Each structure stands twice: as structure tokens, then as C-alpha cells.
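Subject: Handover of a structure and notes on its contents

Dear colleague,

Please find below the structure that I am handing over to you. My notes on what was found in it follow directly after it.

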Amino acid sequence: MLITHDTRCALDTVVDLVNTAPEDDTTDGLANLAALLDFVRRHDMSDVGNLSELDLSAVRRIRGRFAAVFAAPDARTAAALINELVAAAGTTPRLTNHDGYDWHVHYFAPGASVADHLAADCGMALAFFVVAGEEERLRRCEAPDCRRAFVDLSRNRSRRYCDSRTCGNRLHVAAYRARRKEAAG
């Protein structure tokens with residue numbers, strides 16, 4: 001599956017957005033307006049104006065809707081959720097070349113709110129996976145104590161953990177120790 005630079009950026013953004021949601025006793029990664037501003041800067045989102053509490057509330061709402069896409073049991077459900085996100089954003093596809101990037105498509109309308117910007121661009125990035133029959137690549141970490149979202153871009157679609165150095169390694173070490181303990185008797 002060919003993934004363009006702007007699609008990859010949108011995928012990274014939507015995964016990070018979904019992973020800002022509080023799980024169990026963790027804090028909300030978008031707890032306040034400063035956190036939203038940091039999120040926008042970290043993802044180098046273009047064409048975002050001044051942010052307000054209304055923007056924060058709207059981004060939190062679409063975050064939950066994107067989380068539902070990652071939890072969708074099938075392509076039809078994922079497609080319906082993505083269609084709702086993209087339609088509500090009032091997408092206006094347009095070609096642009098800015099900030100040293102070659103021609104690419106922005107799906108958000110000029111002057112769109114940050115929530116509509118995210119819904120349109122990230123929604124379309126996820127739509128490409130459904131169209132390609134690759135929606136199963138939109139996953140949640142299989143570690144029992146982690147439910148972080150990620151996009152499996154491995155060649156053979158075998159990635160199981162959000163980060164192999166933390167979740168994957170921790171589980172592999174635990175399994176190794178359990179085998180050693182069992183062997184020792």
C-alpha cells in the first residue's frame with residue numbers, strides 16, 4: 001500500500017490524538033487549551049488560527065469518534081464512522097504546496113476549525129485504509145495493560161504492540177521469565 005507523506009503525517013496525528021484520551025486513571029492528554037496548542041504545534045498542523053475552549057471541546061468529541069474507528073469490528077462500521085467524520089467537517093479537497101512540501105491534498109476547507117481540520121485530513125487518511133481493504137491495520141495494542149492505538153505498517157501485518165521496545169519487550173521478558181521459572185521447577 002502506497003502511503004504518501006501527508007497521509008503518513010495524518011496517520012501519526014490521528015494515532016496521537018486517539019492516544020491522548022485518558023484510560024483508567026491516566027490524565028487526559030488534552031486536559032486544557034495549552035495541551036491542544038502543544039498538540040497542534042507538535043504535529044505541525046498548517047492553517048490553524050487562534051484556539052479556544054470551544055476548539056478543545058470539539059477536538060475531544062472527534063477524538064472519541066476516531067477511537068471508535070480503531071475499535072470498529074468490520075469495514076462497514078469503520079466506513080460509516082469515517083463518512084460521518086468527513087461529512088461533518090465539510091471537506092473541500094484542494095491541492096497545495098507549502099512549507100517546503102511538494103504538491104499534496106488538504107481535505108479541510110480554508111479557515112476550518114482545528115476539529116474540522118483533523119476530521120477531514122485524518123478521516124481521509126483512515127478512509128484510504130478502508131478503500132484498500134486494510135482496515136485491520138488500524139489496531140489497539142495487545143498488551144493487557146495497554147490499549148494504545150497504532151497503525152500496523154509492517155509488511156506482513158503482524159505488529160501486535162504499540163511499541164516493541166516497551167509493551168512488546170516487557171511481555172516477551174515476562175514470558176521468558178515464566179518459562180525459566182517453570183523449567184527450574
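Does Arg157 count as buried, partly exposed or exposed, and what is its relative accessibility? Arg157 has a relative accessibility of 34%, and because buried means under 20% and exposed over 50%, Arg157 counts as partly exposed. Please keep in mind throughout that this is a predicted model.

Salt bridges

In total, the structure holds twelve salt bridges. Another one of them joins the side chains of Arg94 and Asp47, at 3.5 Å from N to O. Here too, distant parts of the chain are linked: Arg94 is in strand 1 (residues 94–96), Asp47 is in the loop between helix 2 (33–42) and helix 3 (53–70), and 47 residues separate them in the chain. Arg94 is partly exposed at 24% relative accessibility, and Asp47 is partly exposed with a relative accessible area of 43%.

A further salt bridge is found between the side chains of Asp12 and Arg8, at 3.2 Å from N to O. Asp12 and Arg8 both belong to helix 1 (residues 5–18), and because they are four residues apart there, about one helical turn separates them. Asp12 has a relative accessible area of 38% and is partly exposed; Arg8, at 41%, is partly exposed as well.

Where Asp47 is partly exposed, Asp44 counts as exposed, at 53% relative accessibility.

Helix 1 and its surroundings

Helix 1 consists of 14 residues. From its first C-alpha to its last it reaches 20 Å, close to the 20 Å expected at 1.5 Å a residue. Its buried residues are Thr7, Ala10, Leu11, Thr13, Val14, Val15, Leu17 and Val18. What covers these buried residues includes helix 2, helix 3, helix 5, strand 3 and strand 4.

How do helix 1 and helix 5 lie relative to each other: roughly parallel or roughly perpendicular? Helix 1 and helix 5 pack at an angle of about 110 degrees, and their axes are 9 Å apart. Because angles of 65 to 115 degrees count as roughly perpendicular, the two helices are roughly perpendicular to each other. On the side of helix 1, the contact is made by Thr7, Ala10, Leu11, Thr13, Val14 and Leu17. On the side of helix 5, it is made by Leu118, Asp121, Cys122, Ala125, Leu126, Phe128 and Phe129.

The place of Val151 is in strand 4. Val151 is buried, with a relative accessible area of 9%. Leaving aside residues up to four places away in sequence, Val151 touches Leu11, Val15, Phe70, Phe129, Arg137, Leu138 and Arg159. The C-alpha atoms of Val151 and Ser57 are separated by 25 Å, and these two residues are 94 residues apart along the chain.

His106 is found in strand 2 (residues 104–106). With a relative accessible area of 8%, His106 is buried. Its side chain makes a polar contact with the side chain of His104, at 3.1 Å. Again not counting residues up to four places away in sequence, His106 touches Ser46, Thr92, Pro93, Arg94, Thr96, His98 and Asp121.

Technical notes. Residues numbered from 1 in each chain as written. Predicted model: local features only at pLDDT ≥ 70, side-chain atom pairs only at ≥ 80, totals over all residues. Heavy atoms only, no water. Salt bridge = Lys/Arg side-chain N within 4 Å of Asp/Glu carboxyl O. Buried < 20%, exposed > 50% of the residue type's maximum accessible area, 1.4 Å probe, protein only. Expected span 1.5 Å × (residues − 1). Contact = heavy atoms within 4.5 Å. Polar contact = N/O pair within 3.5 Å; in protein donor to acceptor, adjacent residues only side chain to side chain. Axes fitted to C-alpha atoms, helices over the stretch in contact; angles between N-to-C directions. Parallel < 35°, antiparallel > 145°, perpendicular 65-115°, else oblique.
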